[in-house]
Amino acid sequence: MMDLQRTQSLLLLLVLTLLGLELVQPSYGQDRMYQRFLRQHVDPQATGGNDNYCNVMMQRRKMTSVQCKRFNTFIHEDIWNIRGICSTTNIPCKNGQMNCHEGVVKVTDCRETGNSKAPNCRYRARTSTRRVVIACEGEPEVPVHFDR
């Protein structure tokens with residue numbers, strides 16, 4: 001009898017733990033958007049780069065396969081610092097939604113030169129520490145879009 005109660009208690013604890021984990025996971029759509037944000041915009045290991053950095057990273061992160069992405073920003077911060085931006089005050093996004101947040105981070109902006117063709121896209125790099133605006137969604141909130 002004692003073993004049965006113990007087993008039931010452990011099963012209940014396991015079920016509650018799994019339910020709790022489900023509540024803090026982003027939805028499938030949000031998770032996909034979060035993973036895309038990470039792929040396109042986060043490079044915590046680097047401190048920034050020159051034109052070659054942009055040429056290599058844009059190709060490596062699959063933004064030159066079909067056509068050259070005209071502009072992209074890589075954030076050189078730990079993902080937890082970037083996620084921390086999501087806890088700042090909401091501000092309007094470019095599309096008018098109120099799920100954007102701003103913070104100051106180290107970045108490399110990559111701008112397509114205008115005279116290259118995919119997949120051999122060529123970029124100009126500019127590194128700086130500047131204000132960025134990101135859209136966040138989910139519970140807990142995670143970055144899903146680089147707004148500006």
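How many disulfides does the structure hold? I looked this up in what is a predicted model, and I counted four disulfides. Numbering the bonded cysteines along the protein chain, I noted the pattern 1-6, 2-7, 3-8, 4-5.

Entry on Cys68 and Cys121. I found the sulfur atoms of Cys68 and Cys121 2.1 Å apart, forming a disulfide, and I read -90° about the S-S bond, a left-handed link. The pair connects distant parts of the chain, 53 residues apart, with Cys68 in the loop between α3 (51-60) and β1 (71-75) and Cys121 in the loop between β2 (100-112) and β3 (123-137).

Entry on Cys86 and Cys136. Here I noted a disulfide with an S to S distance of 2.0 Å, and because the torsion about the S-S bond of Cys86 and Cys136 is about -75°, I recorded the disulfide as left-handed. Cys86 sits in the loop between α4 (79-85) and β2, while Cys136 belongs to strand β3, so this pair ties together parts that are 50 residues apart in sequence. Both Cys86 and Cys136 are buried.

Entry on Cys93 and Cys100. I found that these two cysteines form a disulfide with their sulfur atoms 2.0 Å apart, and that the link of Cys93 and Cys100 is right-handed, with 110° about the S-S bond. Are Cys93 and Cys100 buried or exposed? I took under 20% relative accessible area as the cut-off for buried; Cys93 has 8% relative accessibility and therefore counts as buried, and Cys100, with a relative accessible area of 0%, is buried too.

Conventions: Residues are numbered from 1 along each chain as its sequence is written. This is a predicted model: local features need pLDDT of at least 70, side-chain atom pairs count only at pLDDT 80 or more; totals for chains, interfaces and linings use all residues. Side-chain values use heavy atoms; hydrogens and water are left out. A disulfide is a pair of cysteine sulfur atoms within 2.5 Å. Helices (H or I, at least four residues) and strands (E, at least two) are DSSP runs, numbered from the N terminus. Buried means under 20% relative accessible area, exposed over 50%, partly exposed in between (1.4 Å probe, protein chains only).
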